Amino acid sequence: MFKLNLKMAWLNVWRRKVRSLLVILMIGVSMSVMLAIQGLYDGMTRHMIESTLRSESGEISLFAPSYRLHQNLTYRLKETHRIIEEMKNMPEVRSVVKRIRVTGLASTARKSTFAKLVGIDIENENLFGGLEAFVVDGTMSFGENDEGAVIGKKLAEDLNLEVGERVIFSAQDSHGELSAISLRIKGLVRTTNMAIDDLAIFVSQEKSRAITALGEDESTEVALRLKEGVDIDLFQSKLEKGWPGLEIYSWKALYPALDQMQVMTNIFNGITFAIVMTMVFIGILGVMFVSILERIREFGIVLAIGEPYRFLRTQVIYEALILGAGGYIFGVVAGSSALLYLQSYGLDLSRFSAGLAEFGMASILYAAIKFHYFTTTFAAIVLAALLSVVLPLRRLKMLNPIEVIQGD
Amino acid sequence: MFSLALKNLLFYKGRTLTTFLLSLCSTVLFVVYVAFMDGSHESMLKNSLSIYTGAIQVMQEGHHENPSYDTLLEDLPSVMQTLKNIEGIRAYTPRLESFALLSSEEDSVGAMVTGIVPESEALVSRLKEALVKGRYLDSEDSNGLYMGEELAKRLGVDLGDEIALVGSATDYSFAAERFQIIGLFRTGLFEFDASSAFVNKAYFDALMLSETMASSIVVTVDDLEKAETVAGEIAGQMPSRVEVLTWKKLMASMVQAMEVDSLFGYISMGLFFIVVFFVIMIFGFINISGRIRELGLLRALGVHSYEILKLLLLESAILAFASVLAGTLIGAYLAYFYEVNPIIIKGMAETYKAYGIISDEVPTRFDLFTIAWNAMVVLLLNFLAILYPVYYIRQFTPTEAMRHV
Amino acid sequence: MVRLEHVHKYFNRDTQREVHALDDISLVIEDGEFTVITGTSGCGKTTLLNAIGALDSVDSGRITIGETEITQLDERERAALRLQDIGFVFQAYNLIPVLNVAENIGFIMRLQGYHHEAIEKRIREVAAILEIDHRLSAMPNELSGGQQQRVAVARAVAAKPGLVLADEPTANLDSKNSQRLMQMMKNLNEIEKTTILFASHDDYVVEMSRRQIILSDGHVEKM
């Protein structure tokens, strides 16, 4: 019975080839373009967030009280070793780094600019966020005698500096004394995190201690990467209970704009999705309605010869589903090829690279592919197909077979 | 023919209504969307321009790409003299920018310290209006410093406190001086407020050995649209190694950022248009293919197929023009309304301060040209959508069409 | 006068399903005739009528209406000829659904560019003969089948064409309505001297006609 239904539905869909193909084309094309846009936007936002998380804040950052407000060495973490050891032992934590960050002046013989010196441990940073992967020129190293520095690409451009040249960094140490060090540039990094690209001078922990006069067990911040699937908010409140003496921030609190951007991307994609699916609904509705109206005599006849109404109903639903499914399959094929292309080759917007940098964005955008794109779209198309037959079916139900056959 | 087209539209209500509404909504959406996009961009640009950058800057060749003491304007008086006689200029003022380390007892921060001429600066930028505490500079000031509020916060200083400046003079000799904070300002441009301080240029010149020099001369014009023309005029009268840049160049990365933003906007609208196009086409197709027999009858009766084509196009045209016109009127009204009464998103400026957004207001831009081309796009879309259905119907001969079921 | 000389038409030519629809047809129909082309289903009645009406082309032979050899015309000229010189009545779906009765009757005249008042006058005239003058403002879907066919006839004769072609006009009507329609058409033929050519196998139509042309498998069996 159902097999016969399906076969009849299939044959009926192809009775009006052009029309059915148009609907399938419509669903497929709009779905694939929609997926590509969603993927691109998600990829873009994810990339921005990822690069900030990897190069700076992790999911969670720990500071001494008042440090965030004043960004001053007076408010430093004292027992860094103990904090790090205990964090490392927490099951949720994947990786921990400590850093010493100090604001000061970076100068060459010709120019000076505002910069931030960051004392790091290369090995730990690589485990933490793969910092080395952001190097665009030179290498991620501080040289044999720790005199080297790796600096932000944009900072280097501002100061007209290249790998191998020297830069002077001067800042006030924790006692309020002005001190300066000369550093040789070993590498340049570009993370698309503006705080790093525009300002950062990475040096070894030892070097940063030397200029800040901080002790062995002191630092300005500890950042944590959490394991996949850990609830950040939950973990944050757990930490807050366990460490009342620390200020604990999630990345969302540190970078409200990034969080906002993610929210906006989701809202935007949601609206796009809703609009496209509404149109799909209208499209299928139009075709189903007309297809039923023009066969109303035919339906009258089959009802008259005793075919139950529900048989017809099933057949009509199948027809709508075939249209939806056809479009979906086309959309999956075209959409995933577009996404795969955009994931591996990206959308090259180098023409706008300065503008993209203004937003802290890379000039080649890569798409993200999320499995739920395909599942939610499928659900929505099925829903649209089912909804679209409600009205036409109601029309069919009111049909009096005798009238239909005699009329005309 | 026209009345037959109209009657057909009234008769086939489903298609008419769907197409009309879709086309109307698309027009409204498109016009309003673009108006918001352009409006927010324009207000961002205008804000930044009027806060500090100005419409035109005059500087030594190469200074914009590579600002350093090597590329200062050296013959300031004669350049200033030339500017006096050019039409379309509203005001102008010289600035001498120098990067220096400011140290308080608590902290040291690198900052851009700029020597300005207080009176003419007030005509060119919003520095004077941005005052939040203390007072603005005047031409008698000596070591008074007018400082961004965020910068003062970073230094942990307040009005009346002393600050040490360490930097280099224009001949690269060591320059150091103590300044007293006489005023704090807040423009809203976070980065600017966190890294800028201003001094009376007359006094600053003595310290920096820059009496007849300037980094740039900032010019404002009567009409921003004519900035290019005025810039050309200025350039014509300047010595050869002097460059005249308009805001388009000065704000290149911001302009480009907006282009990117617009690009994304248009991509999204493009998706929307693809879907609308298909729906209009499908409804047009359903309508026309349902009328094959009727159109075949017309042809059998002796109406030429060319006339049928005209009839079908006329139907679409009536639909398209009516819906786009209505949509444009509604869209234009909204664009106008929200230009006068901008939407306010509380907290937006705070969230996006790092991106140079200084206002919670999101105004639209009411621009007839933009609205006109937006409307044209939707019109075009309507016509493209009918092409295939019309082509489809033309395949039938009258006798085939009459027999069509 | 309509003259056919050695007219041939094939369907699906040069395929296995080739049908010789019109096989060497030669005949003359004089002005003012009231004639039926009859024969069994599939004998080529409608094909012949369509060929005479310049709706369809033929593969060889000549068809002339008055002085015009229609087999020489291109599509545009054929459309103009149909509009100016021929009235059509089809089996069903004759009327333009969006126009009311009066507008349907006046449609051809309007296309021909007649003056508004002349059209109004003529509509009333033919509507009276066909007894539909009380339904002039009704829409086609409000009419009975018999009324619809009478409106179609009214439209066909309104512009006083030299030739009216009616393809199975009574096929969807009951006998009472068929009789009424035929009587009215005969009246028209007599009053207005309209040449009317039917294609039909309805006995009543055949009886009422003054001349019968019998087709069989595409050729004329009896004139």
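**Close-up 1. Helices α11(A) and α15(A) cross at roughly 35°.** In this predicted model, the axes of α11 (residues 256–294) and α15 (residues 371–388) of chain A come within 8 Å. The crossing of α11(A) past α15(A) is right-handed.

**Close-up 2. Side by side: the residues where α11(A) meets α15(A).** On the α11(A) side, look for Phe273(A), Met277(A), Val280(A), Phe281(A), Ile284(A), Leu285(A) and Met288(A). Facing them from α15(A) are Thr376(A), Thr377(A), Ala380(A), Ile381(A), Ala384(A), Ala385(A), Leu387(A) and Ser388(A). Sorted by class, this contact has 12 nonpolar and 3 polar residues, with no charged ones.

**Close-up 3. Chain B comes in two domains.** Domain 1 of chain B is built from two stretches, 2–49 and 254–402. Domain 2 of chain B covers 62–240.

**Close-up 4. Where chain C meets chain B.** Chain C brings 23 residues to this contact, and chain B brings 20. Together the two chains bury about 2,000 Å². Carbon and sulfur atoms give 66% of that area.

**Close-up 5. A salt bridge between Glu75(C) and Arg299(B).** There are 2 salt bridges across the interface of chain C and chain B, and the one between Glu75(C) and Arg299(B) is shown here. Its closest N and O atoms sit 3.8 Å apart, and the cut-off for calling such a pair a salt bridge is 4 Å.

Key: Residues are numbered from 1 along each chain as its sequence is written. Chains are lettered from A and ligands numbered from 1 in the order in which they are written. This is a predicted model: local features need pLDDT of at least 70, side-chain atom pairs count only at pLDDT 80 or more; totals for chains, interfaces and linings use all residues. Side-chain values use heavy atoms; hydrogens and water are left out. Axes are lines fitted to C-alpha atoms, for helices over the stretch in contact, and angles run from 0 to 180 degrees between N-to-C directions. Helices (H or I, at least four residues) and strands (E, at least two) are DSSP runs, numbered from the N terminus. A crossing is left-handed if the near helix is turned anticlockwise from the far one by less than a right angle, and right-handed if clockwise. Contact means heavy atoms within 4.5 Å. Ala, Val, Leu, Ile, Met, Phe, Trp, Tyr, Cys and Pro count as nonpolar, Asp, Glu, Lys and Arg as charged, and the others, Gly among them, as polar. Domain bounds come from an automatic or database domain assignment. Buried area is the accessible area (1.4 Å probe) that two parts lose on being put together, summed over both. A salt bridge is a side-chain nitrogen of Lys or Arg within 4 Å of a carboxyl oxygen of Asp or Glu.
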